[in-house]
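Visitor: I would like to learn how to read a protein model. Could you take me through one, feature by feature?

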Amino acid sequence: MNDKRIYSVLAMAGVTPFVACAILPLAGFDSIELLGPLADVAASYGLAIVSFLAGIHWATQIYDRQQSGFNLLIASNVVFGGVWLAYAIGPVEFALTAQLVALLVLLGVDRWLLNNGVISAHYYRTRSAATALAVLSLAVIVLAS
């Protein structure tokens, strides 16, 4: 299995819980036993995903500091810190909206990395598709809440 296939599969699999939380209400489900309301499940999962994406930026920074052009360690911590704060102090809709914005900001960082030759076009397209699905799902969840 090559790297393209691995990160493509992982990215699309990673979006699945967001999509499920957005479409399960159409089938009459509003919560998952043992996990709670779907919006809360999405918010908890989203917190983990933003942390994971920030971690990818950390790895990029650590791998080659000269290529990134700015400090990804600080930038990703600021984004994650904002998402965590929104999750900790706000209602679930606020947390989900903060995550939606954070996903777009992190994709913007990836766009910058692409333009500077740090990441491949294929990786960026994969991230874009996954982000689009996640953002659409989060928007549906927020609007339905």
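Predicted model: local features only at pLDDT ≥ 70, side-chain atom pairs only at ≥ 80, totals over all residues.

Guide: Residues are numbered from 1 along each chain as its sequence is written, and side-chain values use heavy atoms, with hydrogens and water left out.

Visitor: How are two packed helices described?

Guide: Two packed helices are described by the angle between their axes and the distance between the axes. Helices (H or I, at least four residues) and strands (E, at least two) are DSSP runs, numbered from the N terminus. Axes are lines fitted to C-alpha atoms, for helices over the stretch in contact, and angles run from 0 to 180 degrees between N-to-C directions. Take helix α5 (residues 92-115) and helix α6 (residues 121-144). Their axes come within 10 Å and cross at roughly 165 degrees. That makes α5 roughly antiparallel to α6. Angles over 145 degrees count as roughly antiparallel, under 35 as roughly parallel, 65 to 115 as roughly perpendicular, and the rest as oblique.

Visitor: What is the handedness of the crossing of α5 and α6?

Guide: The crossing of α5 and α6 is left-handed. A crossing is left-handed if the near helix is turned anticlockwise from the far one by less than a right angle, and right-handed if clockwise.

Visitor: Which residues make the contact between α5 and α6?

Guide: Contact means heavy atoms within 4.5 Å. On α5, the residues include Leu96, Leu100, Leu103 and Leu107. On α6, they include Tyr124, Ala134, Val135 and Leu138. The residues of this contact divide into 16 nonpolar, 4 polar and 4 charged. Ala, Val, Leu, Ile, Met, Phe, Trp, Tyr, Cys and Pro count as nonpolar, Asp, Glu, Lys and Arg as charged, and the others, Gly among them, as polar.

Visitor: How does the length of α5 compare with what its 24 residues should span?

Guide: The expected span of a helix is 1.5 Å times one less than its number of residues. For α5 this should be 34 Å, and its end C-alpha atoms are 35 Å apart, which agrees.

Visitor: How do α2 and α5 pack?

Guide: They pack at an angle of about 25 degrees, with their axes 10 Å apart. That makes α2 roughly parallel to α5. The crossing of α2 and α5 is left-handed. Among the residues that meet are Leu47 and Val50 in α2, and Ala102 and Leu106 in α5. The contact of α2 with α5 divides into 14 nonpolar, 4 polar and 2 charged residues.

Visitor: At what angle do α2 and α4 pack?

Guide: Helix α2 (residues 38-63) and helix α4 (residues 72-89) pack at about 170 degrees, with their axes 8 Å apart. α2 and α4 are therefore roughly antiparallel to each other. Among the residues that meet are Ala43 and Trp58 in α2, and Phe80 and Val83 in α4. This contact of α2 with α4 holds 13 nonpolar, 7 polar and no charged residues.

Visitor: Is valine 83 buried or exposed?

Guide: Buried means under 20% relative accessible area, exposed over 50%, partly exposed in between (1.4 Å probe, protein chains only). Valine 83, found in helix α4, is buried, with a relative accessible area of 2%. Leaving aside its neighbours within four places in sequence, valine 83 is in contact with Leu47, Val50, Ala98, Gln99 and Ala102.

Visitor: What should I look for in phi?

Guide: Most residues other than glycine have a negative phi, and most peptide bonds are trans. Leucine 34 has phi near 80 degrees, a positive value in a residue other than glycine. Leucine 34 sits in the loop between β1 (31-32) and β2 (36-37). At 86% relative accessibility, leucine 34 counts as exposed. Glycine 117, which follows α5, also has a positive phi, near 75 degrees.
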